[in-house]
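Subject: The structure I promised you

Hi,

Here is the structure I said I would send over. Have it open while you read, and then go through my notes below.

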Amino acid sequence: MEMKLELIMVPVTDVDEAKAFYEKVGFVVDHDQTVSDEIRFVQLTPQGSACSIAIGRGLTQMEPGSPGQPADRGGGRRCDARRPG
């Protein structure tokens, strides 16, 4: 069975700033959906990539800059518009 990574959750401190940063560096906004005051989902993909990132509000309990848990790889570095990757 072949497995591929398709979506990575990136915890951010400010959704709009992070979205603007990723757009500036060439990511394409696939989805930007506000479900409620507590939940917003933004999916962005680098051009030509089969893997996307998801940022938003109310999507994860991981804190930006936190070391994350073993199943939460990718949460160990701060990823937001002020200090990328």
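Going along the sequence, the protein chain follows the pattern β-α-β-β-β. That comes to 1 helix and 4 strands, where helices (H or I, at least four residues) and strands (E, at least two) are DSSP runs, numbered from the N terminus.

Some ground rules before the details. This is a predicted model, where local features need pLDDT of at least 70 and side-chain atom pairs count only at pLDDT 80 or more, while totals for chains, interfaces and linings use all residues. Residues are numbered from 1 along each chain as its sequence is written, and side-chain values use heavy atoms, with hydrogens and water left out.

**The chain as a whole**

Of the 85 residues in the protein chain, 29% are buried. Buried means under 20% relative accessible area, exposed means over 50%, and partly exposed is in between (1.4 Å probe, protein chains only). The accessible surface of the chain is about 5,800 Å², and 50% of that belongs to carbon and sulfur atoms. Accessible areas come from the Shrake-Rupley method with a 1.4 Å probe, and for residues only the protein chains shown count as cover. If you take the contacts (heavy atoms within 4.5 Å) between residues at least 6 apart in sequence, 42% join residues at least 24 apart.

**The core**

In soluble globular proteins, nonpolar side chains tend to be buried together. Which residues make up the largest nonpolar core here? There are 10 in all: Val10, Val12, Val15, Ala18, Tyr22, Phe27, Val42, Leu44, Ile53 and Ile55. By nonpolar core I mean a set of buried Ala, Val, Leu, Ile, Met, Phe, Trp, Tyr and Cys residues joined through side-chain atoms within 4.5 Å.

Leaving out residues up to four places away in sequence, Ile53 touches Leu7, Ile8, Val10, Tyr22, Phe27, Val42, Gln43 and Leu44.

**The strands**

Strand 2 (residues 27-34) pairs with strand 3 in the antiparallel sense over 7 bridges; two strands pair if DSSP finds at least two bridges between them. Phe27, for instance, has Pro46 in strand 3 as its bridge partner. These two strands form a hairpin with 5 residues between them.

Strand 3 and strand 4 also run antiparallel, joined by 5 bridges. Here Val42 has Ile55 in strand 4 as its bridge partner. The hairpin of strand 3 and strand 4 has 5 residues between the strands, and in it Gly48 takes a positive phi near 80 degrees.

**Salt bridges**

How many salt bridges does a search of the whole structure find? It finds 4, a salt bridge being a side-chain nitrogen of Lys or Arg within 4 Å of a carboxyl oxygen of Asp or Glu. Arg40 and Asp16 make one of them, at 2.8 Å from N to O. That pair links distant parts of the chain, with Arg40 in strand 3 and Asp16 in helix 1, 24 residues apart. Arg40 also forms a salt bridge with Asp32, where the closest N and O atoms are 2.9 Å apart. Asp16, Lys19, Asp32 and Arg40 are linked in a network of salt bridges.

Is Arg40 buried or exposed? Its relative accessibility is 9%, so Arg40 counts as buried. Asp16 is partly exposed, because its relative accessible area is 49%, and Asp32 is partly exposed too, at 33%.

Then look at Glu2 and Lys4, whose side chains meet in a salt bridge (3.4 Å, N to O). Glu2 and Lys4 are both exposed.

**Out in the loops**

Ile39 lies in the loop between strand 2 and strand 3 and is partly exposed, with a relative accessible area of 32%. Val25 is found in the loop between helix 1 and strand 2. Val25 is partly exposed, at 48% relative accessible area, and its C-alpha atom is separated by 8.6 Å from that of Pro46, 21 residues apart along the chain.
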